[in-house]
Amino acid sequence: MNRPWFRYVTLAAAISIPALAQTQTTPPWAYAVNPPVAPGAPAPAAAPADTSQKRVPGSNVAFTLPQIRDLFNPPDWYPEDHPAMPESVSHGRRPDVRACGYCHLPNGQGRPENASLAGLPAGYIVQQMADYKSGFRKTSEAKMGPPNTMMVIGKAANDAEVKAAAEYFASIKPKPWIKVTETKMVPKTHVAGWMFVETEGAEKGMEPIGSRVIEMPVDLERTELRDSKSGFIA
């Protein structure tokens, strides 16, 4: 699951950083680490199962939340927009090879917690997977879940699965996905699901951006439904 950018820019001293982020040695704005659960904190009450049909604009299909969250059968809202997905992209292989299309989306555009693969050379993708398998490719932030997951997948995936996925994503033409805006003020954000989302409630407001790049969903609800036509703003 989880997307960083311009990792070598430093934070401005004027920007306040949440206490939890102070434990990071990497820039917290560039490595969106989920906040840890406080020791001794009670487990959140389980919400009633939502089995209602969810829909997104421009799609003729519907999925329930359990279907949307299935790591081995990602929702394909727009099947007419991309070639037929190979098995490694549409389903993967249990237990350790998640469907590539779950995190990177069926159109390969990806999300902030992972990478955009659409249009990358197949050979490049194959090499990155080989580097995950060998342990050569790692993450600068050990607390990041998504790259650690990729290391597990890289070790478990076989050559045929990697080749099929690489050729699939290489065949897709990338589309505009992230709108870049220069601004001095940005909404206050926090990390949820390995990405920055706007803070709501009493803490909602604006703050100086300083020397950060903040990437967040244009429409969080559609992003959480894994809508591959709802992009991001940086």
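**Overall architecture**

Starting at the N terminus, the elements of the protein follow the order α-α-α-α-α-α-β-β-β-β-β-β-α-β. That makes seven helices and seven strands; helices (H or I, at least four residues) and strands (E, at least two) are DSSP runs, numbered from the N terminus. The radius of gyration of the protein is 18 Å, close to the 17 Å that the globule rule gives for 234 residues, so the protein is as compact as a globular protein of that length. Here the radius of gyration is taken over C-alpha atoms, and the globule rule is 2.2 Å times the number of residues to the power 0.38.

Let me state the basis of these values. This is a predicted model, in which local features need pLDDT of at least 70 and side-chain atom pairs count only at pLDDT 80 or more, while totals for chains, interfaces and linings use all residues. Residues are numbered from 1 along each chain as its sequence is written, and side-chain values use heavy atoms, with hydrogens and water left out.

The C-alpha trace spans about 50 × 45 × 40 Å along its principal axes. Of the 234 residues, 41% count as buried, where buried means under 20% relative accessible area, exposed over 50%, and partly exposed in between (1.4 Å probe, protein chains only). The protein exposes about 13100 Å², and carbon and sulfur atoms supply 60% of that area; accessible areas come from the Shrake-Rupley method with a 1.4 Å probe, and for residues only the protein chains shown count as cover.

**A buried aspartate**

I turn now to Asp76, in the loop between helix H1 (65–68) and helix H2 (87–90). Leaving aside residues up to four places away in sequence, Asp76 touches Val61, Phe63, His82, Met85 and Pro106, contact meaning heavy atoms within 4.5 Å.

**Cysteines**

The structure holds zero disulfides, a disulfide being a pair of cysteine sulfur atoms within 2.5 Å.

**Backbone features in loops**

The peptide bond from Arg94 to Pro95 is cis, with omega near 5°, and Pro95 lies in the loop between H2 and helix H3 (100–104).

Two residues other than glycine have a positive phi: Leu105, near 70°, and Arg226, about 60°. Leu105 belongs to the loop between H3 and helix H4 (122–134) and is buried, with a relative accessible area of 3%. Arg226 sits in the loop between helix H7 (220–224) and strand S7 (232–233), and counts as buried at 7% relative accessibility.

Finally, Ala142 lies in the loop between H4 and helix H5 (145–156) and counts as exposed, at 62% relative accessibility. Its C-alpha atom is separated by 29 Å from that of Glu203, 61 residues apart along the chain.
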